[in-house]
Amino acid sequence: MNWRKVLRPEVFRLPVGLLAGIGLAGGRCLAQSAGRVAVKSQTIFAPHSGPAHLIEQLSYFVLEITGAIFAVVGGLLLFVVVRFRRRPTDDAAEPPQIYGSTQIELAWTVAPVLIVVVLFLTAARIIFAIETAPIPPSSLHVDVVGHQFWWEFRYPGDGFVTANELHIPVSGPETDRVSDLRILSADVDHSFWAPELFGKIDTVPNQTNRLTFDPDAVGIYYGQCAQFCGTAHAQMLLRVYVQTPDDFAAWVANQRRPAVEDPAVAAGRQFFESQSCVSCHTIRGSSAHGLYGPDLTHLMSRDTLASGIIPNTPSNLKRWIHDPQSIKPGAKMPAMQLGDSETDQIVAYLSTLK
């Protein structure tokens, strides 16, 4: 999809024309002070998809207007403070009070109304362009489900489920692969947000929201839940992996496979399946078919644990199983109250799920 068509100058021609008399000089310098930083940060000023570019342009426009307002109001205030300051020769009596200037009252009423109307029309234009973007037949469809406090990603076309780390293909001139996400919630309100790729999309119980975007650069993009959803809301992070078509195809092929049976960890698998772990988690190819917690079929193919809180290593996995609350207070996963030997067996088994 050619998102650049939405960014044509006509989008801002009317607002700029209406505000020509107000003065918008210097606003872009204020926007640049926010900086264009590395991919690891979360900023709307480093866009890498069509919707993100639109949001960036709207942000610049709003900053130009608010910057001009700040300059005018601040300049007038400074002028009045300096020009009409009290001097030693001034009379101590209060100066005459003047009321009822029709011109001034019209100015500070009409100008703000025009500004609000212009901002509303421009924002509505961008929102409408993002929400009504066409979905090509070749789009990748992913269902995103917000849980307390992690993200579930379902790939219905490929028949597998993963968690917390969304993988999608890059969209370039040759591939033009759009990602189409259906945003849902399993419990309370969440908000799905990766600033460099798209704006905030709320997940609302019993409602499906939609998001379409086309990432233009390979890399890892960071995001989080942007809606307070409970105790561990601030630790409900996410990663979006934008991959080349070949790398994405290889990742999908691996995710579609069931868990590999390793005889060396048969004892750990049997112990895992005998615990209540199977009531919450799914491992395809085993007796674990739980739906409440993340799918663990390819757990060790992920870089992080606990929705992006800690690196995915055997030592951290052991800590997580032993006492989740010490890592992520408010997490719904209970401490299993296992001994070191039993925990080591489960970790050894889970470590083979790649």
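Which residue stands opposite Trp193 in S9? Gln224 does, and point 4 returns to that part of the model.

1. **What kind of model this is.** This is a predicted model, in which local features need pLDDT of at least 70 and side-chain atom pairs count only at pLDDT 80 or more, while totals for chains, interfaces and linings use all residues. Residues are numbered from 1 along each chain as its sequence is written, and side-chain values use heavy atoms, with hydrogens and water left out. pLDDT is the predictor's confidence in each residue, from 0 to 100. Its mean for the protein chain is 85, and 89% of the residues reach 70 or more. Please read residues 7-39 with that scale in mind: pLDDT stays under 50 there, and the model has 50 contacts beyond four places in sequence for this stretch. Contact here means heavy atoms within 4.5 Å.

2. **The chain as a whole.** The protein chain has nine helices and twelve strands. These are DSSP runs, numbered from the N terminus: helices are H or I with at least four residues, strands are E with at least two. Of the 354 residues, 43% are buried, where buried means under 20% relative accessible area, exposed over 50% and partly exposed in between (1.4 Å probe, protein chains only). Among contacts with a separation of 6 or more, 65% link residues 24 or more positions apart.

3. **The helix pair H3 and H4.** The axes of helix H3 (residues 50-83) and helix H4 (residues 102-131) come within 10 Å and cross at roughly 175 degrees. That makes H3 roughly antiparallel to H4; angles under 35 degrees count as roughly parallel, over 145 as roughly antiparallel, 65 to 115 as roughly perpendicular and the rest as oblique. Axes are lines fitted to C-alpha atoms, for helices over the stretch in contact, and angles run from 0 to 180 degrees between N-to-C directions. On the H3 side the contact includes Leu54, Ile55, Leu58 and Phe61; on the H4 side, Val118, Leu119, Thr122 and Ile126 are among the residues involved. By class, the contact has 15 nonpolar, one polar and no charged residues. Here Ala, Val, Leu, Ile, Met, Phe, Trp, Tyr, Cys and Pro count as nonpolar, Asp, Glu, Lys and Arg as charged, and the others, Gly among them, as polar.

4. **The sheet that holds S6.** Five strands form an open sheet in the order S4-S10-S9-S6-S7, with mixed pairing. Two strands pair if DSSP finds at least two bridges between them. Strands S4 (165-169) and S7 (201-203) stand at the edges, each with a single partner strand, so one side of each is left without a neighbour in the sheet. Neighbouring strands are turned by 25 degrees against each other on average, direction ignored. Strand S6 (residues 190-193) runs antiparallel to S9 (residues 219-225), joined by two bridges, and Phe192 stands opposite Cys225. With S7, S6 pairs in the antiparallel sense over three bridges; the partner of Ser191 in S7 is Asp202. His190 and Phe192 point one way from S6, Ser191 and Trp193 the other way, and all are buried.

5. Where is Phe198 found? Phe198 is in the loop between S6 and S7. At 1% relative accessibility, Phe198 counts as buried. Leaving aside neighbours within four places in sequence, its contacts include Ser49, Ala52 and Ile55, as well as Phe192 and Trp193 of S6. The C-alpha atoms of Phe198 and Asp214, 16 residues apart along the chain, are separated by 9.5 Å.

6. **The other five-stranded sheet.** An open sheet with mixed pairing has the order S3-S2-S1-S5-S8. Its edge strands are S3 (160-163) and S8 (209-213), each pairing on one side only. The twist averages 25 degrees from one strand to the next. Strands S1 (residues 140-147) and S5 (residues 179-185) pair in the parallel sense over seven bridges, and Arg182 in S5 is the bridge partner of Asp143. Helix H5 (residues 245-256) packs on the sheet, touching S1, S2 (150-155) and S3; the direction of H5 makes about 105 degrees with that of S3.

7. **His281.** His281 lies in the loop between helix H6 (266-274) and strand S11 (304-305). His281 is buried, with a relative accessible area of 13%. Not counting residues up to four places away in sequence, His281 touches Ala288, His289, Gly290, Gly293, Pro294 and Leu296.
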